[in-house]
Amino acid sequence: SKHMGSCLCGSVTFEVQGDFESLYLCHCRHCQKDTGSAHAANLFSRSARLTWSTGEPLVSSFTLPGTRHSKSFCTSCGSALPSIQAEGLLVVPAGCLDTDVSTMPTAHIFTASRPGWDRAPATVPEFAGLPV
């Protein structure tokens, strides 16, 4: 399969050719800091291939010293972008894709670090857009 993606400002665009083996919702503290949210949603593939279409010079990467935790991002807008990690593992933040992905979450991981506010009861209201 073929997936297209981009950063928030549109300066960086890319294509992923191939299938994703898993989609993990990671609640570790590193992913919380990366996203500013309760978890990161990352797609993983050992066989898919990443091609930068535009803006590759704007892609920067950061690895947290002493860990295997790393992320790539657009230096213009800060959006998370795909990265190729150890042993050729492609990690794609699900939110940076512009095409639909049929892969459903494989698992929530590092749930011991899940923040209390992310355990909201089903009674919390939902809105299709910004509440007025």
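Is Cys77 buried, partly exposed or exposed? Cys77 is partly exposed, with a relative accessible area of 28%, where buried means under 20% relative accessible area, exposed means over 50% and partly exposed lies in between, using a 1.4 Å probe and protein chains only. This is a predicted model, in which local features need pLDDT of at least 70 and side-chain atom pairs count only at pLDDT 80 or more, while totals for chains, interfaces and linings use all residues. Residues are numbered from 1 along each chain as its sequence is written, and side-chain values use heavy atoms, with hydrogens and water left out.

**Overall fold**

- The protein chain contains 1 helix and 11 strands, these being DSSP runs numbered from the N terminus (helices are H or I with at least four residues, strands are E with at least two).
- Read from the N terminus, the order of elements is β-β-β-α-β-β-β-β-β-β-β-β.
- The radius of gyration of the protein chain is 15 Å, which agrees with the value near 14 Å that a compact globule of 132 residues would have; the radius is taken over C-alpha atoms, and the globule rule is 2.2 Å times the number of residues to the power 0.38.
- The C-alpha trace spans about 45 × 40 × 30 Å along its principal axes.
- Of the 132 residues in the protein chain, 32% are buried.
- Among contacts with a separation of 6 or more, 61% are between residues 24 or more positions apart, a contact meaning heavy atoms within 4.5 Å.
- The accessible surface comes to about 8200 Å², and 55% of this belongs to carbon and sulfur atoms; accessible areas come from the Shrake-Rupley method with a 1.4 Å probe, and for residues only the protein chains shown count as cover.

**The open sheet S1-S2-S5**

- An open sheet is formed by 3 strands in the order S1-S2-S5, with antiparallel pairing, and two strands are taken to pair if DSSP finds at least two bridges between them.
- Strand S1 (2–6) and strand S5 (49–54) stand at the edges with a single partner strand each, so one side of each has no neighbour in the sheet.
- Neighbouring strands of this sheet are turned by 25 degrees against each other on average, direction ignored; the axes are lines fitted to C-alpha atoms, for helices over the stretch in contact, and angles run from 0 to 180 degrees between N-to-C directions.
- S1 and S2 run antiparallel and are joined by 5 bridges, with Met4 having Glu15 in S2 as its bridge partner.
- The hairpin of S1 and S2 has 6 residues between the two strands, and Gly10 in the turn has a positive phi of about 85 degrees.
- On the other pairing of S2 (residues 13–17), 5 bridges link this strand to S5 in the antiparallel sense, and Thr13 has Thr54 in S5 as its bridge partner.

- S3 is mostly covered, since 4 of its 5 residues are buried.
- Ser22 lies in strand S3 (residues 22–26) and counts as buried at 9% relative accessibility.
- Leaving out residues up to four places away in sequence, Ser22 touches Asn42, Leu43, Phe44, Thr103 and Thr106.
- S3 and strand S4 (residues 40–45) run antiparallel with 5 bridges, and Leu25 stands opposite Ala41 in S4.
- S3 and S11, in contrast, run parallel and are joined by 3 bridges, with Cys26 having Ile109 in S11 as its bridge partner.

**Cysteines**

- The structure holds 0 disulfides, a disulfide being a pair of cysteine sulfur atoms within 2.5 Å.
- Cys31 is in no disulfide, and the nearest cysteine sulfur, that of Cys26, is 3.7 Å away; Cys31 is buried, with a relative accessible area of 7%.
- For Cys77, the closest cysteine sulfur is in Cys9 at 3.8 Å, which is too far for a bond.

- Most residues other than glycine have a negative phi.
- Glu87 is not a glycine, yet has a positive phi of about 60 degrees; Glu87 is located in the loop between strand S9 (83–85) and strand S10 (89–93) and is exposed, with a relative accessible area of 72%.
- Phe110 is likewise not a glycine and has a positive phi of about 55 degrees; Phe110 is located in the segment after strand S11 (107–109) and is exposed, with a relative accessible area of 54%.
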